[in-house]
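Keep the 3D view open as you read.

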Amino acid sequence: MTKNAYQISRRHLLRGTAAAIGLPLLDIMSPAIASPAARAKEQAAAKRLCVLYKGCGVFPHAWDIPSGTETEFELSSLLQPLANVKDDILILRNLDHIFGNNNGGHLVAPSLSTTGALPDRQRKSYHSIDQIVADQIGNETPIKSLQMTADSLWRAHPWINYLSHDEQGTPIAPDRDPGLVFDKLFRGMNSRPYRERTRSVLDSVRESSGDVLRKASTDDREVLSRYFDSIRDLEKQLDSFDGGSDKTRDDKIRQLDDFTIEAELPGKIKAMLDLIALSFWTDSTRVSSLMMANTNSRCTYSFLGLNEEMHYMSHYVRNRGILPSFNKVNQWHTAQFAYLVEKLKGYPEGQGNILDNSIVLFMSGIKHGDYHTLTDIPVILAGKGGGTISTGRHVRYPEPTPFPNLLLTLTNLMGVERDKVGESTGTLEGIEKPAGFPMSVVDDGSWQVSSDDGKTVLVRGLLTVSDDINDTNAYYLLLSDKSKLEIRVPFMVIHRLVFDAKVGRVVEIKGTWGTHQGRKVITGLEYQK
């Protein structure tokens with residue numbers, strides 16, 4: 001018997017009476033005579049891409065990292081759940097959507113975040129990064145790509161429902177039921193009667209799995225044991241979504257427009273994250289997207305002790321006192337990202353793990369939750385992308401940089417060579433290796449008042465905003481002499497001028513003097529640049 005007689009294909013399937021499931025990478029899937037270099041090359045080729053999206057923006061002061069260096073920094077309050085995986089992530093700052101001079105990002109942010117371009121007037125979008133990649137590598141796995149959402153679908157605003165768009169710009173409907181996704185992956189999309197006849201997919205593959213186990217090494221047996229345990233645990237978790245159905249009530253709820261009760265949201269999102277990890281591990285697919293919450297999300301978070309909808313909480317400037325709740329929700333979402341990172345890291349593959357060969361893009365399509373700003377959007381990468389990403393860093397680009405450039409960079413790192421994605425202008429530095437950029441704006445000495453007649457003032461400075469959760473609409477201009485000017489203007493003025501989009505950047509304004517609580521402050525803005 002030759003050594004190669006003990007091989008089985010990477011695409012080997014366990015087949016039972018009516019089911020087929022993919023296997024994780026085992027030692028016996030590679031020739032015994034293969035060199036370490038050959039195995040490394042094979043593993044590096046199997047890269048995965050996951051897009052994880054959370055809408056409604058953030059409170060910038062709770063997200064941003066204010067100090068430190070590229071490699072030595074303290075995580076902000078919203079990023080604290082990532083403490084255990086800090087070395088596995090890359091935090092990026094100063095990336096702007098190309099639509100950043102407007103505050104209309106509420107509806108188009110999801111499309112901008114995956115396509116790098118605005119939908120046109122016919123509500124047509126463009127090719128999304130996940131589908132660009134899936135179109136090239138999707139034929140190497142049983143399922144081309146997974147698209148999921150844990151949120152409700154809005155008919156009035158179709159753009160906010162979709163992350164994935166095919167080459168023609170047609171949106172690809174996401175799956176909302178993790179049970180159906182599990183069927184797609186491991187049960188061939190079978191009906192409920194079939195599931196009742198076949199109570200466990202493990203029973204249906206037991207006979208054929210015996211052949212694999214007889215050939216397996218001790219290490220392979222351990223991997224297969226964990227694999228079968230993972231499937232059984234996930235199957236039990238998903239079964240909890242099947243009970244308690246009432247057909248009459250369900251029919252009535254389906255007639256309601258844009259009304260969905262997000263029962264058991266934590267369990268639903270956890271199941272979807274488990275499905276992503278398991279599908280990557282079994283090589284059932286290498287591309288996935290999950291919208292945990294859209295930019296108009298009506299999800300409630302009673303499990304956190306909160307009763308308000310997420311969208312309402314995101315309007316924390318106009319809804320005074322709600323900000324602590326909004327921060328709590330965003331920190332929870334960051335914790336779900338951390339859960340996926342640790343899950344992928346826990347699945348071994350070759351000399352490393354699945355996370356080593358993955359790129360996970362976690363983001364919110366807008367920055368400021370209330371002003372819907374499209375500049376300096378929250379974005380974090382996780383995973384090393386097969387050795388193409390240098391993690392454990394915080395990179396702040398010194399100049400506003402087009403976000404589509406990140407999409408182009410990631411597409412190329414996934415092995416799909418493109419010259420352009422959306423409105424990209426090139427690829428990004430600082431992804432594959434350290435960037436060495438400064439962590440703050442450098443004062444060139446020009447931040448000063450150029451004219452002041454007592455009524456109006458012309459001034460240039462670094463725009464900042466209050467970090468007081470009870471005073472979120474106070475802005476300040478920092479000057480080169482270390483003094484600062486206070487700016488107090490109405491919410492709609494800030495909104496109309498897209499003023500918040502300039503926070504953290506040097507601006508020139510013409511302001512009108514007034515008073516606030518006895519202090520001399522700028523109470524009117526005529527222009528900015």
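The accessible surface of the protein comes to about 22700 Å², and carbon and sulfur atoms account for 49% of it. Accessible areas here come from the Shrake-Rupley method with a 1.4 Å probe, and for residues only the protein chains shown count as cover. Please keep in mind that this is a predicted model: local features need pLDDT of at least 70, side-chain atom pairs count only at pLDDT 80 or more, and totals for chains, interfaces and linings use all residues. Residues are numbered from 1 along each chain as its sequence is written, and side-chain values use heavy atoms, with hydrogens and water left out.

Of the 529 residues in the protein, 55% are buried. Buried means under 20% relative accessible area, exposed means over 50%, and partly exposed lies in between (1.4 Å probe, protein chains only). The protein has 14 helices and 17 strands; these are DSSP runs numbered from the N terminus, with helices being H or I of at least four residues and strands being E of at least two. Among contacts with a separation of 6 or more, 70% are between residues 24 or more positions apart, where contact means heavy atoms within 4.5 Å.

Strand 3 (residues 48-54) runs parallel to strand 6 and is joined to it by 6 bridges. Strand 5 also pairs with strand 6 in the parallel sense, over 4 bridges. Two strands count as paired if DSSP finds at least two bridges between them.

Now turn to the stretches on either side of strand 5. In the loop between helix 4 (129-137) and strand 5 you will find P142, which is exposed at a relative accessible area of 52%. P142 and R286 are 144 residues apart in sequence, yet their C-alpha atoms are 9.8 Å apart in space. S152 sits in the loop between strand 5 (146-149) and helix 5 (178-187). Is S152 buried or exposed? With 7% relative accessibility, S152 counts as buried. The side chain of S152 makes a polar contact of 3.5 Å with that of D151. A polar contact is a pair of N or O atoms within 3.5 Å; within protein, one must be able to donate a hydrogen and the other to accept it, and residues adjacent in sequence count only if both atoms are side-chain atoms.

Helix 13 (residues 404-413) is also worth a look. Because 10 of its 10 residues are buried, helix 13 is largely enclosed by the rest of the structure. Its buried residues include P404, N405 and L413. Just after helix 13, G415 takes a positive phi of about 90°.

Next come the charged side chains. Side chains of opposite charge can pair when their charged atoms come close. The whole structure holds 21 salt bridges, each a side-chain nitrogen of Lys or Arg within 4 Å of a carboxyl oxygen of Asp or Glu. One of them joins D64 and R93, with the closest N and O atoms 3.7 Å apart. D64 is in the loop between helix 2 (60-63) and strand 4 (89-96), while R93 is in strand 4, so this pair links parts of the chain 29 residues apart. D64 is buried at 18% relative accessible area, and R93 is buried at 12%.

The side chains of D274 and K343 form another salt bridge (3.7 Å, N to O). D274 lies in helix 10 (residues 265-281) and K343 in helix 12 (residues 323-346), so the pair ties together parts that are 69 residues apart in sequence. Here D274 is buried at 6% relative accessibility, whereas K343 is partly exposed at 26%.

What about disulfides? A search of the whole structure finds 0 of them, a disulfide being a pair of cysteine sulfur atoms within 2.5 Å. For C299, the nearest cysteine sulfur is that of C56, 8.9 Å away. C299 is buried, at 0% relative accessibility.
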